[in-house]
Each structure stands twice: as structure tokens, then as C-alpha cells.
Amino acid sequence: MLQKIIKVGNSYAIIIPHYIVKKLNLKAGDVAYSDFDEYESTLTFYFKKSDYLKAKKENMEFRKMVRNFNLRYKDILDKLSSKKT
């Protein structure tokens with residue numbers, strides 16, 4: 001879905017279409033939790049705190065697994081990255 005970014009004072013906003021607001025049972029004043037992934041350049045919104053916390057936990061676990069993998073195989077990865085094709 002294509003949405004325009006609008007300027008609101010010194011901030012910016014994205015309009016949530018009415019049918020999505022209705023489907024998620026949202027109302028003005030509700031809280032939205034956001035998570036920005038710099039690697040993927042993605043912004044995700046959660047409208048339930050439990051969903052947000054679950055996603056954050058899963059992301060932290062995944063990052064930990066990647067970090068451990070990189071540490072464990074650092075020498076091999078360095079060799080592979082410097083190998084000429």
C-alpha cells in the first residue's frame with residue numbers, strides 16, 4: 001500500500017486508512033510502538049505492547065545468534081571474504 005508522508009508541525013506522519021483502523025480496533029489516543037531496523041531500512045509498527053515486546057525479544061535473540069556465529073567462524077569468514085574468484 002502506498003501512503004504519503006505529511007508534515008505536521010515540526011514532525012511527520014503517515015495516515016492510517018480507515019479500514020485498517022477499524023480492523024485493528026484503534027482509536028485516537030491509542031499508543032503505537034515502533035521498531036526501526038537500520039540494516040533492512042524498515043519501520044514496523046505494533047499496536048499491542050505484547051507483540052512489540054515479543055518482536056524485540058526475537059530480534060535480540062537473532063542478533064545474539066548472528067554475533068555468536070560470526071565470533072565462532074571469524075577466521076573462516078575472513079578467509080572466504082578475502083579469497084579471489
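Me: Which element gives the largest share of the lining of the second largest pocket?
Reply: Keep in mind that this is a predicted model. The second largest pocket comes in at a volume of about 260 Å³. β3 (33-37), β4 and α2 are the elements that give two or more residues to its lining. The largest share, four residues, comes from α2.

Me: And how many charged residues are in the lining of that second largest pocket?
Reply: The lining includes D35, D37, E38, E40 and R63, and Asp, Glu, Lys and Arg are what count as charged here. Besides those, the lining has three nonpolar and three polar residues. The charged count is five.

Me: OK, on to the largest pocket: how many charged residues does the lining have there?
Reply: That pocket holds about 380 Å³ of space. Of its 13 lining residues, the closest to the centre are I14, I15, I16, F45 and F47. By class, the lining splits into 12 nonpolar and one polar, and the number of charged residues is none.

Me: Is F47 buried, partly exposed or exposed?
Reply: F47 sits in the loop between β4 (42-46) and α2 (49-72). Buried would need under 20% relative accessible area and exposed would need over 50%. F47 has 31% relative accessibility, so the label is partly exposed.

Me: How far apart in space are Y12 and L53, C-alpha to C-alpha?
Reply: In sequence, Y12 and L53 are 41 residues apart. Their C-alpha to C-alpha separation in space is 25 Å.

Me: What does F69 count as, in terms of accessibility?
Reply: F69 is in helix α2. Partly exposed lies between the buried limit, under 20%, and the exposed one, over 50%. F69 has 43% relative accessibility, so F69 counts as partly exposed.

Me: Last one: what is the distance in space between F69 and A55, C-alpha to C-alpha?
Reply: Start from F69, in helix α2. A55 is 14 residues away from F69 in sequence. In space, the C-alpha to C-alpha distance is 21 Å.

Key
Residues are numbered from 1 along each chain as its sequence is written. This is a predicted model: local features need pLDDT of at least 70, side-chain atom pairs count only at pLDDT 80 or more; totals for chains, interfaces and linings use all residues. Side-chain values use heavy atoms; hydrogens and water are left out. Buried means under 20% relative accessible area, exposed over 50%, partly exposed in between (1.4 Å probe, protein chains only). On a 1 Å grid over the protein atoms alone, a cavity is a set of points where a 1.4 Å probe fits but cannot get out, and a pocket is an open set with protein on both sides within 12 Å along at least five of seven lines; lining residues have an atom within 4 Å of a point. Grid points are joined across faces, edges and corners, and a volume is the space filled by probe spheres set on the points.
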